[in-house]
Amino acid sequence: MDATVALCPLHPEQPAEGTCSRCGTFLCEGCRRWQVGRMLCLRCHTVALGEKPSKRATLALIFATVGFIGFVPGLVGLVLGYQELAAGRGASPRRRLKSPVTLQCHS
C-alpha cells in the first residue's frame, strides 16, 4: 500500500473511500453507511438512529419556543394597549389620533 493512501481503521487492508461526516473517521466501502445523504461510520449511524438530543439542544429549543411565545403576546398587548388609549380619548381605535381643528369666524 502507498503511504499516502488513507486506510480504514477497522479494516487496515482496505483503502478509505471517504470520511464520516460526523466524526471524520476514514471509512472503507464496507464500513460506510448513508443517512439523509451523509456518509457516516457505524458508530455515528447507530447514534444518529437512536440517540436522544443532548440537554443543550433540548434547552435551546425550549428557550427558542418560550421566546417566540413571549414575543407574540407582547405584540398583542401593545396593540390592545394602543386601542385602549385611543378609545379612552374618544377616538376610534383604528384611526390615528389627530388634534382637533377649531374654526374661528370673524365678523
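Trainee: Among contacts in the protein chain between residues at least 6 apart in sequence, what percentage join residues at least 24 apart?
Mentor: Happy to start there: this is a predicted model, in which local features need pLDDT of at least 70 and side-chain atom pairs count only at pLDDT 80 or more, while totals for chains, interfaces and linings use all residues. Residues are numbered from 1 along each chain as its sequence is written, and side-chain values use heavy atoms, with hydrogens and water left out. Contact here means heavy atoms within 4.5 Å. Among contacts between residues at least 6 apart in sequence, the share that joins residues at least 24 apart is 5%.

Trainee: What pattern does the protein chain follow along the sequence?
Mentor: Helices (H or I, at least four residues) and strands (E, at least two) are DSSP runs, numbered from the N terminus. The protein chain has two helices and four strands. Read along the sequence, their pattern is β-β-β-β-α-α.

Trainee: What percentage of the 107 residues of the protein chain count as buried?
Mentor: Accessible areas come from the Shrake-Rupley method with a 1.4 Å probe, and for residues only the protein chains shown count as cover. Buried means under 20% relative accessible area, exposed means over 50%, and partly exposed lies in between (1.4 Å probe, protein chains only). The accessible surface of the protein chain comes to about 9,100 Å², with 61% of that belonging to carbon and sulfur atoms. Of the 107 residues, the buried share is 12%.

Trainee: Which residues make up the largest nonpolar core?
Mentor: A nonpolar core is a set of buried Ala, Val, Leu, Ile, Met, Phe, Trp, Tyr and Cys residues joined through side-chain atoms within 4.5 Å. In soluble globular proteins, nonpolar side chains tend to be buried together. Here C20, not counting residues up to four places away in sequence, touches T25, L27, M39, L40, C41 and C44. The largest core has nine residues: C8, C20, L27, C28, C31, M39, L40, C41 and C44.

Trainee: How many disulfides are there in the whole structure?
Mentor: A disulfide is a pair of cysteine sulfur atoms within 2.5 Å. C8 is buried at 2% relative accessible area, and C31 is buried at 3%. The sulfur of C31 has its closest cysteine sulfur in C8, 3.6 Å away, so the pair is too far apart for a bond. For the whole structure, the search finds a disulfide count of zero.

Trainee: Which residues of helix α1 are exposed on the face turned away from its buried side?
Mentor: Helix α1 spans residues 42-50, and its buried residues are C44, H45 and V47. They cover an arc of only 165° around the axis, which puts them on the same side of α1; the arc is taken over the directions from the helix axis to the C-beta atoms. The face turned away from that side carries the exposed residues R43, T46, L49 and G50.

Trainee: Which residues does H45 contact, leaving aside its neighbours within four places in sequence?
Mentor: H45 sits in helix α1 and is buried, with a relative accessible area of 19%. What covers the buried residues of α1 includes β3 (33-35) and β4 (38-40). Leaving aside neighbours within four places in sequence, the contacts of H45 are R33, W34, Q35 and L40.

Trainee: Where is V36, the residue other than glycine with a positive phi?
Mentor: Phi of V36 is near 50°. V36 is exposed, with a relative accessible area of 80%. Its place is the loop between β3 and β4.

Trainee: Which side chains meet in the salt bridge?
Mentor: A salt bridge is a side-chain nitrogen of Lys or Arg within 4 Å of a carboxyl oxygen of Asp or Glu, and the structure holds one. Its two residues lie in the loop between β2 (26-27) and β3 and in the segment before β1, so the pair ties together parts that are 15 residues apart in sequence. Both residues count as partly exposed, R32 at 22% relative accessibility and E17 at 44%. The side chains that meet, at 3.8 Å from N to O, are those of R32 and E17.

Trainee: How far apart are the C-alpha atoms of L10 and L27?
Mentor: L10 is in the segment before β1 (18-19) and is exposed, with a relative accessible area of 59%. Leaving aside neighbours within four places in sequence, L10 is in contact with C31 and L42. L10 and L27 are 17 residues apart along the chain, and their C-alpha atoms are separated by 8.4 Å.
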